[in-house]
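Student: I have just opened this structure and would like to learn how to read it. Could you walk me through its features one by one?

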Amino acid sequence: MPSSEAALRAQSSSGKIEVLPSQFYEERLSDVARARKPSPIWDLFSVESNPGMLSMLAGKPHPDTFPFEYIQLGIRPAGSEPNDPTVQDLTIRDDELATALQYNVTPGIPELNEWVFKMMQEVHQRGPNEGWRVSIGPGSQDLLYKAFNAFLNPGDLVMVEGPTYPGATPILEALGCQYVSIETDKDGILASELAKILENWDPSKPMPKVLYTIPFGSNPSGVTASAERRIEILKLSKKYGFIILEDDPYYFLYYGDSPRPPSYFTLEARVLGEVGRVLRFDSFSKVLSAGFRIGWLTGPERLLSAIECHSATSVVQASSLSQVVILKLLREWGVEGLLKHADKVAKFYKRRRDVMATCLDRHLKGLAEWSTPDAAMFYWLKLKLPESVDLKSITLEGDSTVFIRSKAIDRGVLVLPGATAFVDGRQTARVRVSFSLLTEEETDEAIRRLAEVLKEEIHSKSA
């Protein structure tokens with residue numbers, strides 16, 4: 001039996017699962033989230049679908065005024081290769097087209113919401129009556145922004161991985177948050193370090209309310225948290241009362257040799273015997289289309305309703321057209337088809353990872369350090385840039401930000417400076433390198449250019 005399964009079985013709880021009460025979340029919501037009231041229009045919007053209802057509620061434009069008659073789609077079979085000549089034609093017309101071109105409810109078109117809910121039950125092995133639901137949103141980035149706003153007041157502390165997702169740090173900075181950065185290793189967040197920090201917490205300060213983590217192929221480090229480490233983190237969440245924000249856009253892009261670890265959302269019911277400590281973020285961007293901007297939240301009712309109140313007064317809803325196109329595809333494929341396609345996508349990125357591994361060994365061996373990712377689409381390199389000494393005579397890593405902006409870009413190669421992934425403002429020699437788009441020849445040339453300019457930088461500082 002794989003170690004992750006053994007750990008899960010050993011930790012599984014028996015008996016009835018308890019659902020955390022709404023008051024648990026009220027105490028953790030931000031002032032703004034508690035003050036938000038439902039939109040007077042969108043709060044009543046779902047009532048329009050009641051049988052026999054004659055609605056004059058909303059200012060919906062009449063569909064006869066829209067100039068579109070149908071939308072034709074050509075899709076490949078689930079699990080097929082990109083060059084597969086078999087293409088199925090799907091047409092969106094009549095009632096489907098009217099839905100695609102009209103306003104809809106904030107949590108998502110009901111049929112798509114229900115489809116995703118059932119898929120989450122199957123994939124994450126959760127029961128339907130465990131105090132959770134699904135909410136469709138305009139991309140998981142938007143949902144993440146609103147979730148941070150729902151929890152955090154200016155000056156609040158938030159716990160994050162070090163390094164963490166570079167797209168999250170500007171949100172937290174704008175909110176005026178303070179950070180507790182938890183180091184990671186090959187198994188994910190160091191639970192021992194997190195436990196030590198919380199055990200020695202200053203009682204005069206409020207405890208952190210949330211821990212933000214990317215457990216599969218963490219962006220940018222590429223680390224996938226082990227099942228054992230997730231169990232440790234879950235137990236700490238119960239002991240210290242924090243909520244886990246499980247940002248998981250790469251869940252379906254896991255291609256490691258070991259079995260896929262269960263999600264925090266799966267584990268909380270089995271390990272803790274209670275549910276409601278995990279708010280999960282998923283996305284269709286990495287497996288269907290990034291341009292559709294469709295993601296979803298899974299978690300407790302009170303948290304989802306707080307975020308939906310925000311959406312109802314900003315974007316209102318995710319694109320109806322994007323939702324209908326995805327729903328049309330998912331009706332044809334079913335859950336089995338989606339999973340078959342996702343498996344094919346994961347294998348695609350594994351091949352790309354291996355191509356970059358060859359290029360890194362060819363050009364950067366001795367010039368950089370890296371570990372091999374088992375999910376997602378990034379390598380996290382530590383360039384051997386010349387070190388520097390600050391005013392306190394402390395030796396610092398080389399500065400990849402300066403190196404990339406002043407040297408590498410001029411030589412026609414672009415990667416992400418690693419400082420963007422650390423919330424403490426540290427200087428670092430780390431860079432994030434994506435292997436998702438470039439061809440094999442382009443990847444080799446890009447790494448060759450990076451190595452060339454890095455050699456020049458090292459030589460210039462040593463001369």
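**Reading the model, feature by feature**

Tutor: Let's start with a charge and a ring: R28 lies over the face of F24, 3.7 Å from the ring centre. A charge sits over a ring if NZ of Lys or CZ of Arg is within 6 Å of the ring centre and within 35 degrees of the ring normal. Likewise, the charged end of R260 sits over the ring of Y251, at 4.7 Å from its centre.

Student: What should I know about the model before we go on?

Tutor: This is a predicted model, where local features need pLDDT of at least 70 and side-chain atom pairs count only at pLDDT 80 or more, while totals for chains, interfaces and linings use all residues. Residues are numbered from 1 along each chain as its sequence is written, and side-chain values use heavy atoms, with hydrogens and water left out.

Student: You mentioned Y251. Which ring forms an aromatic pair with Y251?

Tutor: Rings of Phe, Tyr and Trp (its six-membered ring) pair if their centres lie within 6.5 Å; planes under 30 degrees apart count as stacked, over 60 as edge-to-face and the rest as tilted. The structure holds twelve aromatic pairs. In one of them, F216 and Y251 are edge-to-face, with 5.1 Å from centre to centre and 85° between the planes. This pair links distant parts of the chain, 35 residues apart: F216 is in the loop between β8 (210–213) and α9 (227–240), and Y251 is in the loop between β9 (243–247) and α10 (264–272). Helices (H or I, at least four residues) and strands (E, at least two) are DSSP runs, numbered from the N terminus.

Student: Are F216 and Y251 buried or exposed?

Tutor: Buried means under 20% relative accessible area, exposed over 50%, and partly exposed in between (1.4 Å probe, protein chains only). Both F216 and Y251 are buried. Ring pairs also link F216, Y251, F252 and Y254 into a cluster.

Student: Why is the pair of F348 and Y349 edge-to-face?

Tutor: The ring centres of F348 and Y349 are 5.1 Å apart and the planes stand at 90°, so the pair counts as edge-to-face. F348 is partly exposed because its relative accessibility is 27%, while Y349 is buried because its value is 13%.

Student: Which residues have the most contacts inside the largest nonpolar core?

Tutor: A nonpolar core is a set of buried Ala, Val, Leu, Ile, Met, Phe, Trp, Tyr and Cys residues joined through side-chain atoms within 4.5 Å. The largest one here has 126 residues, and F148, L279 and L364 have the most contacts inside it. Helix α12 (residues 320–363) gives this core its largest share, 15 residues. Apart from it lies another core, of five residues, including W42, F45, V105 and V316.

Student: What does L279 touch?

Tutor: Contact means heavy atoms within 4.5 Å. Leaving out residues up to four places away in sequence, L279 touches several residues, among them A147, F151, I243, I244 and I307.

Student: How do I read the sheets?

Tutor: Two strands pair if DSSP finds at least two bridges between them. Eight strands form an open sheet with mixed pairing, in the order β4-β12-β11-β9-β8-β5-β6-β7. Its edge strands, β4 (132–137) and β7, each pair on one side only. Within this order, β9 runs parallel to strand β11 (residues 278–283), joined by four bridges, and I244 stands opposite V278.

Student: How many bridges join β5 to β6?

Tutor: Six bridges join strand β5 (residues 157–162) to strand β6 (residues 178–185), and the two run parallel. Between them the chain passes through helix α7 (residues 169–174), making a right-handed β-α-β crossover. Right-handed means that, with the strands pointing away from the viewer, the path from the first strand over the helix to the second runs clockwise. β6 then forms a hairpin with β7, with two residues between them.

Student: Which strands form the four-stranded sheet?

Tutor: The order is β13-β14-β18-β17, in an open sheet with antiparallel pairing. β13 (368–369) and β17 (416–417) each have a single partner strand, so one side of each is left without a neighbour in the sheet. Five bridges join β14 (residues 378–383) to β18 (residues 430–434), and W380 has R432 as its bridge partner.
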